[in-house]
Amino acid sequence: MSIKNTDVTVLGGGIAGLAAATALAHRGAVVTVLEQATELGEVGAGLQIGPNGVAVLEALGLKDQAAAVANVPDAVELRDMATGREVARLPMGQAAVQRWGRPYWQFHRADLLAVLADGARAAGVDIRLGQKVNSINDISASVVIAADGVRSAVRAEVFNGQPASFTGQVAWRGIIPVEKLPAGAVKNTATVYMGPGRHLVTYPMRGGSVINFVAVEERDSWADEGWNITDTPENLRRAFAGAGRDVQTILNAVEETFLWGLFNHPYLPHWTKGNVALVGDACHPMLPYLAQGAVMALEDAWVLARELDRSGVPEGLLAYERICKPRATKVQKAAASNATAYHLPIGPSRLVAHTGLKAISRLAPSALLGRFDWLYGDDVTKPNQ
Ligand SMILES: Cc1cc2nc3c(=O)[nH]c(=O)nc-3n(C[C@H](O)[C@H](O)[C@H](O)COP(=O)(O)OP(=O)(O)OC[C@H]3O[C@@H](n4cnc5c(N)ncnc54)[C@H](O)[C@@H]3O)c2cc1C
């Protein structure tokens, strides 16, 4: 069995769509990507790609190109939002390579998308921009891969996707040029400032010339889910009034921000039907608290292409679902539970949790890293998987 010369249409040119298209084209499929946007990667935001995602970039032959635009943080730090004091520190940099065999990378999303798009085109993929697909019936390919994101129309049309519910959490995101911040305010770390009912994540990108931020608040009022909904920096600053000096310094430098309502999407019973498969956020949207949504999309892409090449339609697609779904579901759940851990209210449970983390971080840092072995240490591209 092989997918050589099989025509495949991929719906959506995000991380999932471009990675799947490349992996399929490398195995000889004739792949077309239909993307509604007229330009790829217009969204300004950051993406952290853990070692398990780096494994897929490597297997796609994009290691050097991605490394050239990646930032390698020294550590992931958890800090108390009010005092700025360190609660825990996970060494990354060389420590990640030693433990999981690959680095932890941070990108400007547009840079990673450009690497994936160049890789797809070099593999022979035909990327067509400005192509909004309204119904799967408009596509006549042997295999259809729906990589149309968190608001997937195919999920609704073919997989009877149920409506999402607001989590009561919203995320502001944006980018700050470093020259807007005082000297010394930018560290080469992913820093999570944890406060009751809210947290802020920051990290540098593009050689440290800009920092990415994601600020999450629990609140009752609803916000939509999408990349292009703007909000005022004043609303963001108001939500974090009372935070410590470090957080105020960062937020005072924000000149433009986007708001994203975070939604719970019911777990889908199936990801594939006949010759159609969902990948990425279309099948397993998750809260962004583990920085793994795009990484899981990369894993999907690799496994889907391998299994389709091995077993064809529908067996290969069913095998893809069988392999990827349990892991993605576990990651979805782990991401959701991080919200609770980050947002603990002031009181005994917060004190106990932070004190415990501090102790492990100081006395047994490798035990802290070990908590992520199941995630970062798994390599879906290993032969004989
Ligand atoms: C604030 C925030 C921070 C995040 N941080 C991280 C992180 O650090 N690390 C990480 O791994 N993940 C992170 N994620 C998650 C990550 O962004 C997503 O998991 C990832 O973008 C999913 O990729 P995708 O290709 O499935 O979907 P998308 O990136 O949404 O791509 C879908 C594509 O399909 C196109 N499309 C949709 N409908 C149609 C149609 N009808 N016709 C044609 N084209 C269509 C869209 O235009 C889009 O280009 C974060 C998410 C958020 C909200």
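1. Starting with the ligand: by class, its shell has 19 nonpolar, 11 polar and five charged residues. Keep in mind that this is a predicted model.

2. In total, 35 residues surround the ligand. The closest are G12, G14, G149, G280 and G293, and glycine counts as polar in the class tally.

3. As for who supplies the shell, helix 1 (15-26), strand 3 (46-49), strand 9 (165-177) and helix 9 (293-311) each put in at least two residues. Helix 9 gives the most, with four residues.

4. Strand 9 deserves a look beyond its share of the shell. Seven bridges pair strand 9 with strand 14 (residues 257-264) in the antiparallel sense; for a spot to check in the viewer, F166 has F263 as its bridge partner in strand 14.

5. Strand 9 also runs antiparallel to strand 12 (residues 210-218), and nine bridges join the two. Here I175 stands opposite N212 of strand 12.

6. Now the packing. The largest nonpolar core has 117 residues, and A19, A20, I145, V279 and A301 are those with the most contacts inside it. Helix 9 turns up again, giving the most to this core with 11 residues.

7. Leaving out residues up to four places away in sequence, V279 touches A16, A20, I145, A147, A297, D300, A301 and L304. Among these contacts, A20, I145 and A301 are also on the list of residues with the most contacts inside the core.

How values were computed: Residues are numbered from 1 along each chain as its sequence is written. This is a predicted model: local features need pLDDT of at least 70, side-chain atom pairs count only at pLDDT 80 or more; totals for chains, interfaces and linings use all residues. A residue is near a molecule or strand if its C-beta atom, placed from the backbone, lies within 6 Å of it. Two strands pair if DSSP finds at least two bridges between them. A nonpolar core is a set of buried Ala, Val, Leu, Ile, Met, Phe, Trp, Tyr and Cys residues joined through C-beta atoms within 7 Å. A residue is buried if 20 or more other C-beta atoms lie within 10 Å of its own, exposed if 12 or fewer, and partly exposed in between; C-beta atoms are placed from the backbone. Two residues are in contact if their C-beta atoms, placed from the backbone, lie within 7 Å.
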